[in-house]
Amino acid sequence: MAFELGLSISTVSRALNNHIDISDETRERVKAYANKVKYAPNLFAKGFRSQKSNIIGVIIPDIEHQFTSTLLRGILSTAELSGYKVIICESFNNERKQAELLETMSQFGVDGVLLSLTKKTQNVEEILEMTQHIPLILFDRISNKVPCTQIIIDDEDAAFKAVEHLITIGKKRIAILKETDSSNVSERRFQGYLRALKTYNLEVDESIILSSEDLSIEEGERLTTVLLSLQNKPDGIFTIIDEAGIGAIMQLKKNKVKIPKEIAVVGFSNSRFSTIIKPSLSSIDQPGNRIGEVAVKYLIEEINTENEVSHKTIEIKTNLIIRKSSFNPLKSK
């Protein structure tokens, strides 16, 4: 472009960046030509010169999850408003893939990384290595083994509220559908379930504590079939993700179980599907958009901080949304 305009490369660069040493006439001529040829700056070359790429890397375990889409919305909108581009990668809940993506982010020269861990992350060496070079923030799925800022919800307290709600509408035998113990998030929600039962002096019955490697609508149906086969059936079901709760409702309806009179159901994450299923699913509202916004805000703050960063754990508030799957007008207040 400099050759075509008869200008030096430095003059063209300064004109595109509105440098005060360049006349208005030259700036307009350069920008008009740039628009004509659809010129776009090379972000990587620009990054080498300024030591900043203005690019944020995001690694998530499952891009198809509805909660993930709300997270990404918050990340993308906040990053754009702050002048940052975003590279999004999916680890497919594979720890080896996660490590490869961290290396890729480093090679791309991103200014910082937002990382939601795989369900079974055990080895954090690559993550610790990354934190020595660029800012990294964990969100949603986190680890206490990594000393960095972490953006979370209080999973245990949120689960406690969900189970407490079932108890307040008169349910005394409450089942839980959770993931296997390798999932950090599932374990925290399970602890909230146990705390609620203990607080209200209800029995912990192993026969209605059911786990699956990968919870889904189909697994929710399957595990609910197991519950319905019991001689002493539950009168409430808490599922640690909405998909399993939707599966539970579908299976209860197939078996002509009255919801919530005979068995009430509460899920977790307040996905859009929770309002589509009939009866609509009560659920913990997990504000993905807000989590994404806050994660970007703190990452950019760390990117622009030259001093030693003070790591924080930021908890985002949750609420229980009561819908027809657990609404009892005679009991609810």
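Where is Asn-270 found? Asn-270 sits in the loop between strand 9 and helix 12, and we will come back to this residue below.

## Before you start

This is a predicted model, in which local features need pLDDT of at least 70, side-chain atom pairs count only at pLDDT 80 or more, and totals for chains, interfaces and linings use all residues. Residues are numbered from 1 along each chain as its sequence is written, and side-chain values use heavy atoms, with hydrogens and water left out.

Helices (H or I, at least four residues) and strands (E, at least two) are DSSP runs, numbered from the N terminus.

Six strands make up an open sheet with parallel pairing, in the order 2-1-3-4-5-11. Its edge strands are strand 2 (85-90) and strand 11 (313-316), each of which pairs on one side only. Two strands pair if DSSP finds at least two bridges between them. On average, neighbouring strands of this sheet are turned by 20 degrees against each other, direction ignored.

Val-113 has Leu-136 in strand 4 as its bridge partner.

Another open sheet is formed by six strands in the order 7-6-8-9-10-12, and here the pairing is mixed. Strand 7 (209-212) and strand 12 (319-321) are the edge strands, each pairing on one side only. From one strand to the next, the twist averages 20 degrees.

Strand 10 (residues 282-285) runs antiparallel to strand 12, and three bridges join them. Ile-284 stands opposite Leu-320 in strand 12.

## Helix 3 and its two faces

Helix 3 (residues 24-36) has 13 residues, which at 1.5 Å a residue should span 18 Å; its end C-alpha atoms are 18 Å apart, which agrees. The expected span is 1.5 Å times one less than the number of residues.

Which residues of helix 3 are buried? They are Thr-26, Arg-27, Val-30 and Ala-34, where buried means under 20% relative accessible area, exposed over 50%, and partly exposed in between (1.4 Å probe, protein chains only). These residues cover an arc of only 100 degrees around the axis, which puts them on the same side of helix 3. That arc is taken from the directions from the helix axis to the C-beta atoms. An α-helix has 3.6 residues a turn, so residues three or four places apart point the same way. On the face turned away from the buried side, helix 3 carries the exposed residues Glu-25, Glu-28, Asn-35 and Lys-36.

## Loops worth a visit

Two cis peptide bonds can be found in loops. One joins Ile-259 and Pro-260, with omega about 5 degrees; Pro-260 has its place in the loop between helix 11 (242-254) and strand 9 (264-269). The other runs from Lys-278 to Pro-279, with omega near -5 degrees, and Pro-279 lies in the loop between helix 12 (273-276) and strand 10.

Now back to Asn-270, which has a positive phi of about 55 degrees although it is not a glycine. Asn-270 is partly exposed, with a relative accessible area of 21%. Phe-92 also has a positive phi, near 55 degrees, and is a residue other than glycine. Phe-92 belongs to the loop between strand 2 and helix 6 (95-108), and at 57% relative accessibility it counts as exposed.

How values were computed:
Axes fitted to C-alpha atoms, helices over the stretch in contact; angles between N-to-C directions.
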